[in-house]
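Hi everyone, thanks for coming. Let's walk through one structure together, starting with its pockets and then moving to its cores.

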Amino acid sequence: MKKVALVFNGGTISMKIDEKINAAVPGLSGEEILSMVTGADEFADIESYSFSEKPSPHISIEDMFRLSNFINELVNREDIDGVVLTHGTDTLEETAYFLDLTINTEKVIVVTGAMRSSSELGYDGPFNLATSICTAISEEAKGRGVLVCFNGELHCASEVTKANSMALNAFRTPNFGPIGIVDNNQVIFHRKTRKHKTYKLDKIIGDVALIKCVSGMNSDFVEFAIDKGYKGIVIEALGRGNVPPLMLPGIKKALKKEIPVIVVSRCFEGRVREAYGYEGGGKMLKDLGVFFEEDMPGQKARIKLLVVLSSKENLNLNEAFNEV
């Protein structure tokens, strides 16, 4: 029987309603949650750990770094076949992607959680945990990077995003859809996984600013990020990767100070590209030295730039980010 390390890390899956304040708060232990997964011990030898009880808005980059080191130690053990991590849904995609970028293993790592607390009708925690355990012991799931499992669907950590604040199928992959499903305890994959580089970190260096572009925006937020010492800037630009002209002075200043600027689109689907040559258009930004990250949301581009800048390797950003 395969052994799965189950790492409990807080989130809605471990919460119940506090009647005094009529709101969900941490209240379930890992053992209590696992006891609701009927017959789990018939599928895998489960070794559980309690890493934290934090709600996902409390998760910091440093927490992600510590979690990466902890899971790295688990997958380096010969007796561990896979790892399942529980996490709050609000920042789950960021932690999952951080792990995907910093853990180099063929073993299966699955991140899951719940959209409803244990006090609500239709509590989805046990089902998500059960399907994640099935995935962690699947031979077909090996070598696919970190996976996110919700509502019987499997997504790549590099692609998935939380697209709904309340639905059980809140996690979706724009453009491509899920990579696979879990049906009657069987793990089925629809397509291959896109390979990417992993990075070795000793520590996290600084922070990266994320700026959402809107009509008529000027350089104020870019200037603020520069003055506050951010190590990089990600801009969720308009459409195919365009910004209002008044943002250009700030972007030029950042580049002159050798602060990398990454452009993604604020659109939910589609790709960025240097399609427009007017002032502030993608072609002008690319010519200035801005990097384009093809089809990634801003929150993930921030994680990637943080990891790349903190890497022990002397990296060329041209190699790390897409030359679209």
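The largest pocket here has a volume of about 650 Å³. Of the 34 residues lining this pocket, Ser158, Arg194, Glu293, Asp295 and Met296 are the closest to its centre. Before going further: this is a predicted model, where local features need pLDDT of at least 70 and side-chain atom pairs count only at pLDDT 80 or more, while totals for chains, interfaces and linings use all residues. Residues are numbered from 1 along each chain as its sequence is written, and side-chain values use heavy atoms, with hydrogens and water left out.

A pocket, on a 1 Å grid over the protein atoms alone, is an open set of points where a 1.4 Å probe fits, with protein on both sides within 12 Å along at least five of seven lines; lining residues have an atom within 4 Å of a point. Volume is the space filled by probe spheres set on the points, which are joined across faces, edges and corners.

Which elements supply at least two residues each of that largest lining? They are helix 3 (92-102), strand 9 (161-162), strand 15 (261-265), helix 8 (298-310) and helix 9 (317-320). Helices (H or I, at least four residues) and strands (E, at least two) are DSSP runs, numbered from the N terminus. By class, this lining has 12 nonpolar, 8 polar and 14 charged residues. Here Ala, Val, Leu, Ile, Met, Phe, Trp, Tyr, Cys and Pro are nonpolar, Asp, Glu, Lys and Arg charged, and the others, Gly among them, polar.

The second largest pocket holds about 270 Å³. Its lining has 19 residues, with Thr105, Gly143, Arg144, Gly145 and His196 nearest its centre.

Back to helix 8, where 12 of the 13 residues are buried, meaning under 20% relative accessible area. Among them are Lys300, Arg302 and Lys304.

Of its 29 residues, Ile33, Val84, Leu129, Leu154 and Phe189 touch the most other members. Helix 4 gives the largest share of this core, 4 residues. A second, separate core of 25 residues includes Phe98, Leu101, Val234 and Leu305.

Beyond residues up to four places away in sequence, Ser132 is in contact with Val84, Val110, Thr112 and Cys149, contact being heavy atoms within 4.5 Å.

Definitions and conventions. Buried means under 20% relative accessible area, exposed over 50%, partly exposed in between (1.4 Å probe, protein chains only). A nonpolar core is a set of buried Ala, Val, Leu, Ile, Met, Phe, Trp, Tyr and Cys residues joined through side-chain atoms within 4.5 Å.
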